[in-house]
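Q: I would like to learn how to read a few features of a protein model. Could you take me through them one by one?

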Amino acid sequence: GPVQIGLASSIKDLLDEEGPYFQADPTGNARSFWVAEEDGEVVALVIEAPGRSGCIVDYRGRDETFVDCDGETVPTEALDRYAVTVSTDEDTDGALLVDLDTVEPAPVPAEPPTTG
């Protein structure tokens, strides 16, 4: 099921202050992700560029941009993401939950890589 990565309000504050950050897969598997903010909402971005197996997306803090394995800028809207919810359960109210079993497609399809 979904994994808890912290309080949604604290994560949002951290993103506002410091920008996106890398989150290793809390289950110990190979599903690490970038925690970022998009249109005021916290998102858990898949670190691999869509349709490009092995092409890891990195965050360049100095430029405040994500880049693919070729150094090309990638908007967050072009990255697949894990489903994110905020818990309303009594024991975990306000916790940010990331469902590592549910990958949602990028809202904006990525441009195919140019060859040449």
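A: Gladly, beginning with the disulfide: Cys55 is joined to Cys69, with an S to S distance of 2.1 Å. A disulfide is a covalent bond between the sulfur atoms of two cysteines. The cut-off used here is a pair of cysteine sulfur atoms within 2.5 Å, and by this rule the count is one disulfide. This is a predicted model, where local features need pLDDT of at least 70, side-chain atom pairs count only at pLDDT 80 or more, and totals for chains, interfaces and linings use all residues. Residues are numbered from 1 along each chain as its sequence is written, and side-chain values use heavy atoms, leaving out hydrogens and water.

Q: Why is the disulfide of Cys55 and Cys69 left-handed?

A: The torsion about the S-S bond is about -105°, so the disulfide of Cys55 and Cys69 is left-handed. The pair links distant parts of the chain, 14 residues apart: Cys55 is in the loop between β4 (41–46) and β5 (58–60), and Cys69 in the loop between β6 (65–67) and β7 (73–74). Helices (H or I, at least four residues) and strands (E, at least two) are DSSP runs, numbered from the N terminus.

Q: Is Cys55 buried or exposed?

A: Buried means under 20% relative accessible area, exposed over 50%, and partly exposed in between (1.4 Å probe, protein chains only). Cys55 is buried, at 3% relative accessibility, while Cys69, at 44%, is partly exposed.

Q: How do I read the two sides of a helix? Which residues of α1 are buried?

A: Look at where the side chains point from the axis. In α1 (8–18), the residues Ala8, Ile11 and Leu15 are buried. They cover an arc of only 65° around the axis (taken from the directions from the helix axis to the C-beta atoms), which puts them on the same side of α1. Asp16, Glu17 and Glu18 are exposed on the other side of α1. Just after α1, Gly19 takes a positive phi of about 85°.

Q: What do the buried residues of α1 pack against?

A: They pack against β1 (3–7), β2 (21–23), β3 (33–38), β4, β8 and β9. Take Ile11, which is buried at 4% relative accessibility. Contact means heavy atoms within 4.5 Å; leaving aside neighbours within four places in sequence, Ile11 is in contact with Ile5, Gly6, Tyr21, Val35, Val42 and Leu96.

Q: How is a pocket found, and what volume does the second largest pocket have?

A: Rolling a probe the size of a water molecule over the atoms shows where empty space is left. On a 1 Å grid over the protein atoms alone, a pocket is an open set of points where a 1.4 Å probe fits, with protein on both sides within 12 Å along at least five of seven lines; lining residues have an atom within 4 Å of a point. Points are joined across faces, edges and corners, and a volume is the space filled by probe spheres set on them. The second largest pocket has a volume of about 190 Å³. Of its 14 lining residues, Glu41, Val42, Val43, Val84 and Leu96 are the closest to its centre. β8 (81–86) gives the most to this lining, with five residues.
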